[in-house]
Amino acid sequence: PRSMGLASAAERVAAEFEYSKEDVNRGVQAFIEQMDEGLGKVGATMSQIPTYVTAVPNGTEKGLYMAVDLGGTNFRVCSIQLHGNSTFSLTQSKVAIPKDLMVAKTSHELFSFLAKQIELFLKTHHGEHYQSHTERKASMIGLGGYKDEEIFSLGFTFSFPVQQYGINKGTLIRWTKGFDIHDTVGKDVCALLQKEIDALSLPVRVAALVNDTVGTLMARSYTSPGKTGTLLGAIFGTGTNGAYVEKLGKVTKLKNMGKEAGEIDESTGEMIVNTEWGSFDNHMSVLPDTPYDKDLDRESVNPGIQMFEKRVSGMFLGEILRRAIIALVNDPSVPLFSDEDSSRNDVHSTTIIHPSSPLYQQWGLDTSFLSITSGDSSSGLKVTRQTLDVDYGVSAASAEDAEAVRLIAAAVGKRAARLSAVAIAAVVISTDSLARTGDDVDIGVDGSLVEFYPNFEDYIREALRDIPQIGPQGEKRIRIGIAKDGSGVGAALIALVADKAM
Ligand code: ADP
């Protein structure tokens, strides 16, 4: 019967995504090696970027800070009151970035727009500060006349590739995500923002340039209940990346980066390192590589790059699943999405996929579908079948069809989670975190995948137990918690740390 053939075909595809205990352990080994390589030299597979952030918060930090976030589509401005007891209040505004500014002729056009949004935010939410400013301006005192305590320190989350030179110094390497302003490339983005803020004589100092993973780590460390600070901040959203607390002495490449020793606060003996682990194993020594992975990479805009991310993150999991599904649809011996009536005397049965289905289009399947089908507990997988119908142009999918799709989706998701465990374990092991303290090891995570994919954390934990250096005992001592508002409170905390280091 057709359902038997379909089920075994689906099992065969799902098996291609198996990532065994041995695979996990080989992955961890290679991950640690590539972390070490990145700490030693610029231009390694994993960038291991020093962030110049040398302390993590413990929840007692206090004060009023500002943060701005230039991500892709929106610019967010917020102020954060840290209460000093692991809690905070956040006020924020959000504005879409006008398309013409993304491709403006000069940096001035974009950055003056950003400064104006900061001014508007101050006017609206911090009138007292703003008022005193205008009065000062009227009395010709200007920004120089502000007392230190009147000036907001601001953390600037800037989610584009930068070469960072100090806690509030970093030059743009290249624009991504549809931005293209030639004039900005190679310039210090903090200085560009500060210049426009000063032109409006706002009481704001750009104190820190913030990467979103570092923000996640800081936000989690402030809010986490433990005695010891957070070890790792990790993002599993559109992309994946992690930042962790490293011993300063192990960041050996700092010596060769032309740093004046004075610019680094060495008092804690630690520095947060932004791994850029999305590019782990770009040369493919240990990563799994199914035909679907190979095709996805070959037809991507950046073949051979971000190879770990292409197996782990939200931008890609849907596309991997889509390719696996279409391979079965195109296999005449497998009755997936086939119309039973018209297949009676025909070798090539008719499919019930609409020709214009997104399943036939690159990037047509969203990763949220993996969550929907994995979380589907309806009878006969009704929810999955409805989603296939409404969102993906597959009319009247059978329960067997849905079961086959679900099986493969689970395999893709599980492999992603086990690969995520490789990254987490490598950081825990290479920093010797389980042995160093008797406390739990704390990890802050963010992103839709880890937040919404059912069982993502369970799958991660299962893999962690498969690693001898961690095992069931160690796994119990690893605490994983969602860190919300990393680009708000996290950036504020980095501004605070930057102030202290001044
Ligand atoms: P970003 O990483 O861009 O800040 P998110 O953390 O929301 O934003 O991640 C967006 C990514 O997560 C997209 O690739 C999207 O396909 C995927 N995604 C959105 N919703 C879900 C979901 N419910 N389950 C799994 N992945 C999801």
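**Entry 1: the model.** I worked with a predicted model, in which local features need pLDDT of at least 70, side-chain atom pairs count only at pLDDT 80 or more, and totals for chains, interfaces and linings use all residues. Residues are numbered from 1 along each chain as its sequence is written.

**Entry 2: overall form.** I looked up the secondary structure and found 18 helices and 13 strands. Helices (H or I, at least four residues) and strands (E, at least two) are DSSP runs, numbered from the N terminus. The C-alpha trace spans about 90 × 50 × 40 Å along its principal axes. I then compared the radius of gyration, taken over C-alpha atoms, with the globule rule of 2.2 Å times the number of residues to the power 0.38. For 502 residues a compact globule would have a value near 23 Å, and the protein has 25 Å, which agrees.

**Entry 3: domains.** I noted a division into domain 1 (2-20 + 283-415) and domain 2 (57-210). These bounds come from an automatic or database domain assignment. The centres of the two domains, taken over C-alpha atoms, are separated by 44 Å.

**Entry 4: the sheet of five strands.** I traced an open sheet in the order β4-β3-β2-β5-β8, with mixed pairing. Two strands pair if DSSP finds at least two bridges between them. Why is one side of β4 and of β8 left without a neighbour in the sheet? Both β4 (88-96) and β8 (204-210) stand at the edges with a single partner strand each, so one side of each has no neighbour there. Neighbouring strands of this sheet are turned by 20° against each other on average, direction ignored. Axes are lines fitted to C-alpha atoms, for helices over the stretch in contact, and angles run from 0 to 180 degrees between N-to-C directions.

I next followed the pairs within this sheet. Strands β2 (residues 62-70) and β5 (residues 152-158) are parallel and share five bridges. A67 has G155 in β5 as its bridge partner, and L70 has F158.

Helix α18 (residues 486-501) lies across β2, β3 (74-83), β4, β5 and β8, at about 125° to β5. Helix α6 (residues 189-199) packs on the sheet, touching β5 and β8, and its direction makes about 160° with that of β8. Contact here means that the C-beta atoms of two residues, placed from the backbone, lie within 7 Å.

**Entry 5: the sheet of six strands.** I found another open sheet of mixed pairing, ordered β1-β11-β10-β9-β12-β13. Its edge strands, β1 (49-50) and β13 (478-482), each pair on one side only. Strands β9 (residues 232-236) and β10 (residues 240-247) run antiparallel and are joined by five bridges; L232 stands opposite Y244 in β10. Helix α13 (residues 399-430) lies across β9, β10, β12 (441-446) and β13, at about 170° to β9.

**Entry 6: the ligand.** Which residues come nearest to the ligand? Of the 14 residues around it, they are G237, G314, S371, S448 and F452. The elements that give two or more residues to this shell are α10 (314-329), α11 (368-374) and α15 (448-452). A residue is near a molecule if its C-beta atom, placed from the backbone, lies within 6 Å of it. By class, I recorded five nonpolar, eight polar and one charged residues. Ala, Val, Leu, Ile, Met, Phe, Trp, Tyr, Cys and Pro count as nonpolar, Asp, Glu, Lys and Arg as charged, and the others, Gly among them, as polar.
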